[in-house]
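Dear colleague,

I am handing over the structure below, together with some notes on what was found in it. Please read the notes with the coordinates open beside you.

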Amino acid sequence: MSRLIVISNRVSVPKTENASGAQGGLAVALGAALREHRGIWFGWSGQETDSFTGHLDLQRQHGVTTATIDLESQDIDEYYNGYANRTLWPLFHHRVDLTEYERSFGEGYERVNGRFADSVAPLIEPGDLVWVHDYHLLPLGKFLQDRGIRNRIGLFLHIPWPPTRLFVSLPFHERLVEHMLHYDVIGFQSEEWHESFCHYVEKELGGRVAADGGTIEWQGRSIVTRAFPIGIDYAEFVEAGATEVAHRAHDRLRASADGKKVIIGVDRLDYSKGLVERFDSYHRFLTDHPEAAKDVVLLQIAPPSREDVHTYQDIRNTLERSAGHINGAHADIDWVPIRYVNQGYSRAELAGFYRAARVGLVTPLRDGMNLVAKEYVAAQDPDDPGVLILSRFAGAALQLPDALLVNPHSSEEVGEAIATALAMPKEERIRRWQGMIGSVRDEDVIAWRDDFVAALSGPAARAAA
Ligand code: F6P
């Protein structure tokens, strides 16, 4: 088995009991992917230094070897807060209105990718497979090749790839994708994002997509591109759900709900998650179904993220106003309709909360995959499961067609779905849950890793195995 060198912006190996729900799917998935594989996880420590030193901090954390570098404040501003989170993130989530283009962001992005390449290249040995993750590091494969690395290098994009007509609004879009075409394998969360990428390469760069629908021929190079839908670490999550911590969390939420049905949402505080629209939909439900409303409480857990980016400060303010407004309009002396919580919880606690909730409300406006939807399904009691309401615009919708699929922009549709979910008979809840649990269990993070690593190993290595 080849060694795996995993490279991502952040390196944070989650511990089951203490990992925070703020981490996002990537950290959880990569921790699981590497734990059973020899290798190294390289990336930014999350720390800021006065000036970049390139010092490499090697550690062993919860069964995984990590190697991290600190970045200086200009790097963080231009690369992480700038190009990654003020340019690419909104654009790739179809928010052209929030997308900012500044020359210094692009320069900082390439500079930091160069620093990553300089720092990780000495750790790479012949035969290692190099697996780069996400939108922070799109040009890294090319930069590693510029430094003499001849290993096979793959990229997995955890977020959507936008339609061509949106993507071309990015200045120097050709340069970014030409850099990407130096990878051997490029993976996407869903076929939709994969098709958009192939469309762009054919239309704008004159590349050719082979009849298999995925192999791109470009300037004498051959790049395998495909959808590799990510899953949760099912076994680990079920184990977390069986702990004392999970049971206590379950009982605590049930007791505090005092017989009312709980609707749960768990998201990083991010405008792509559709939280404002979700609150509007819930408001609509409360207004249109006053008889059902008093028997319900919405628990929205939303740990803040990317707090130095002004659009994230704006969304936080908007949500606070919205929750205050809805509670003010509907609350009674012994009931508040929304419990809006800005802290993260351990995975075990989340497993307990999910199981205690009759409805899981997962309504992003655009999402690469969304693992909360899968965790909600995994946490349910098979004999009395809750109902998942899921946005059509999450990658997960393709794998979970038995959820109540909704358009998150329509408060009417989501409001009615909430009413339907709350009134759904047990037989239908069980039938829908049974339609989803197979894919959540079998298409897990381990299957995802093995699938990607097999593609990255290349046809010759696969034939020899
Ligand atoms: O999946 C998208 C992603 O940006 C991951 O790369 C990241 O781990 C997660 O969301 C959380 O974001 P951040 O690292 O910016 O807090």
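**The sheet and the helices around it**

In this predicted model, ten strands form an open sheet with mixed pairing, and their order is β3-β4-β2-β1-β5-β6-β7-β10-β9-β8. Its edge strands are β3 and β8 (208–209), each of which pairs on one side only.

At the β3 end, strand β3 (residues 57–61) is antiparallel to β4 and is joined to it by five bridges, with Leu58 having Ala67 in β4 as its bridge partner. The two strands make a hairpin with two residues between them, and His62, which lies in the turn, has a positive phi of about 45°. Strand β4 (residues 64–72) also pairs with strand β2 (residues 39–49), here in the parallel sense and through seven bridges; in this pairing Trp41 stands opposite Thr66 of β4. As background, strands of a sheet pair through backbone hydrogen bonds, in either a parallel or an antiparallel manner. Helix α2 (residues 73–92) lies across β1 (4–10), β2 and β4, and its direction is at about 100° to that of β4.

At the β8 end, β8 and strand β9 (residues 215–218) are antiparallel and share two bridges, and the bridge partner of Arg208 in β9 is Glu217. Helix α7 (residues 191–205) packs on the sheet, where it touches β7 (185–188), β8, β9 and β10 (221–227), and its direction makes about 150° with that of β10.

**Helix α9**

I would also ask you to look at helix α9 (residues 244–257), whose 14 residues reach 20 Å from the first C-alpha to the last, close to the 20 Å expected at 1.5 Å a residue. Within α9, Val245, Ala246, Ala249, His250 and Leu253 are buried. Because these residues cover an arc of only 135° around the axis, they lie on the same side of α9. The face turned away from that buried side carries Glu244, Asp251 and Ala255, which are exposed.

What do the buried residues of α9 pack against? Their partners are α8 (234–241), β11 (261–266) and α13 (347–356). After α9 comes Asp258, which has a positive phi, near 55°.

Key: Residues are numbered from 1 along each chain as its sequence is written. This is a predicted model: local features need pLDDT of at least 70, side-chain atom pairs count only at pLDDT 80 or more; totals for chains, interfaces and linings use all residues. Helices (H or I, at least four residues) and strands (E, at least two) are DSSP runs, numbered from the N terminus. The expected span of a helix is 1.5 Å times one less than its number of residues. A residue is buried if 20 or more other C-beta atoms lie within 10 Å of its own, exposed if 12 or fewer, and partly exposed in between; C-beta atoms are placed from the backbone. The arc is that of the directions from the helix axis to the C-beta atoms. Two residues are in contact if their C-beta atoms, placed from the backbone, lie within 7 Å. Two strands pair if DSSP finds at least two bridges between them. Axes are lines fitted to C-alpha atoms, for helices over the stretch in contact, and angles run from 0 to 180 degrees between N-to-C directions.
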